[in-house]
Amino acid sequence: SSFLLFDKAFLPSSFNEICVVDDGGILYLSESKFESVQDGKWVVDFNDKISVREITVLPRERVRVETGKSPFECSIDEMKYIYQVIGTFKFNGGSK
C-alpha cells in the first residue's frame, strides 16, 4: 500500500473534494464536485470503462472525446463524468 501527502494550502479554496487518480504512473489531481462539463481532462465512465480523456464541449449538447488513435463525438449525456482533472503529475525515472 502507498499514499500521497499533499498540502491543500497550495490549492485555491474553491476546491473541496480532491482526489488523486493513478493512471499508469501519471497522477491526476482531480475534483469530484463540478457544476458543468467544460473543456479539459476528465475521468470518465464510457461503456463501463473508466479512463482519463480530453473532452471538448461542442454545440448541440455534444462532446469530442480524444482517445489517441480514434477520437469520437457523442452526446454529452452518453458519458458519466466522475472527476474533473485539475492537475497532472508525471514522474520521470528515479529510484524507489
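User: In which sense do strand E3 and strand E4 pair, and over how many bridges?

Analyst: This is a predicted model, in which local features need pLDDT of at least 70, side-chain atom pairs count only at pLDDT 80 or more, and totals for chains, interfaces and linings use all residues. Residues are numbered from 1 along each chain as its sequence is written, and side-chain values use heavy atoms, with hydrogens and water left out. Strand E3 (residues 40-46) and strand E4 (residues 49-58) pair in the antiparallel sense over seven bridges, where strands are DSSP runs of at least two residues, numbered from the N terminus, and pairing requires that DSSP finds at least two bridges between them. Gly 40 stands opposite Ile 55 in E4.

User: And what about the turn, which residue there has a positive phi?

Analyst: That is Asn 47, with a phi of about 55 degrees, in the hairpin that E3 and E4 form with two residues between them.

User: Which residue in E7 is the bridge partner of Val 43?

Analyst: The partner is Tyr 83; E3 and strand E7 (residues 80-90) pair in the antiparallel sense over four bridges.

User: Back at E6, what stands opposite Ser 75?

Analyst: Arg 62 does, and strand E5 (residues 62-66) is joined to E6 by four bridges, the two running antiparallel.
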